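Here's a quick tour for anyone meeting this structure for the first time. Have a look at it, then read on.

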Amino acid sequence: MTDTPKLTDPFQRRINYLRVSVTDRCDFRCVYCMSENMAFLPKKELLTLEELDRMCSAFISQGVEKLRITGGEPLVRRGIMEFFNAMGRHLDSGALKELTLTTNGSQLRRFARDLYAFGMRRVNISLDTLDEAKFADITRWGRLAQVLDGIDAAQEAGLRVKINAVALKGTNEDELETIVNWCAEQDMDLTFIEVMPMGDVGNEDRLDQYWSLKDLRSRLEKSWSLTDIAENTGGPARYTRVNETGQKIGFITPLTHNFCESCNRVRLTCTGQLFQCLGQEDEADLRKVLRDNPGDDPPLITAIHAAIARKPKGHDFDYSRQAVDGQMSRHMSHTGG
Ligand code: SAM
Ligand code: SF4
């Protein structure tokens, strides 16, 4: 048996984690993510479900062991459950170690049980507030009750839930303790995310919403004692344990450079562009290679290796001069959060 070629970038980082955005569409319009009247991509631009399967399978054949499906809202993509079902074969073969999802939770009541049946064991659910009115303000179109019900459905189905909360100055600052306690009671992990300067900001000014996690963390330390956990997942999260509750809290601070050196991931957009780094513009058009070579995977695999060989060392986000430097023009919903 020949060894599977592993994806390794120029800085000797092993790339074994692929995040895939399967749609740019969403049933919410979160203020930090989308404008209210987003123009979405024409359908023919999107990878079809078959193309998504081919693309993900090619990465898995090259050593990707963890697949996270995101969007937009992945669960609003028509037929997406067929794709999850199909990916289950890579879990069965042992090539894929984890199939997971980042979702706003709105569709979980419908889909959680099937997701579990297809081999998914964990989901990240985004929720920034437990206040109905604030939830409506942040998501514009979302309903808190529906998401809370989705979270219940996920837990009932046996999925382990992690809540992702964006730290928003003046919005969920006063709910910090409530959110931590709620997650502890429900036995859910929790990660806080700093607002990133993604997308054309429109009326929303990302700097106004920016609440540093350093500040958030000192606030936590007023109520609880925290012990940092050395665990490194190769991603931008740092973890701490709340000694009183035993729960694990993550902090994603994408604006600091403290995680690039151990980066193990790349991102595929719903149009088949591979971004080697969330904060850099360089991309590889894998859709073209895939469509130019129907039924023939070696050119795609060569293109994947060529793209990984161009993965940059790190990103350039910087709020330090009180201007949004290194700002990316694309939306999170396109690249996938
Ligand atoms: N719709 C799904 C959801 O909301 O979980 C998946 C896609 S969403 C783009 C993925 C994550 O990105 C969410 O946790 C969301 O809160 C986060 N996000 C979106 N825009 C962001 C921004 N400007 N800064 C930081 N996080 C952002
Ligand atoms: Fe939709 Fe997720 Fe973006 Fe909110 S953060 S608008 S739920 S894609």
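## Around Arg13

Leaving aside residues up to four places away in sequence, Arg13 touches Leu7, Thr8, Cys260, Glu261, Ser262, Cys263, Lys311, Pro312 and Lys313 (contact means heavy atoms within 4.5 Å). This is a predicted model, where local features need pLDDT of at least 70 and side-chain atom pairs count only at pLDDT 80 or more, while totals for chains, interfaces and linings use all residues. Residues are numbered from 1 along each chain as its sequence is written, chains are lettered from A and ligands numbered from 1 in the order in which they are written, and side-chain values use heavy atoms, with hydrogens and water left out.

You'll find Arg13 in the segment before β1 (17-21); strands are DSSP runs of E, at least two residues, and helices are runs of H or I, at least four, numbered from the N terminus. Is Arg13 buried or exposed? Arg13 has 8% relative accessibility, so it counts as buried (under 20% relative accessible area; exposed is over 50%, partly exposed in between, with a 1.4 Å probe and protein chains only). Its side chain also makes a polar contact with the side chain of Asp9, at 2.6 Å (a pair of N or O atoms within 3.5 Å; within protein, one must be able to donate a hydrogen and the other to accept it, and residues adjacent in sequence count only if both atoms are side-chain atoms).
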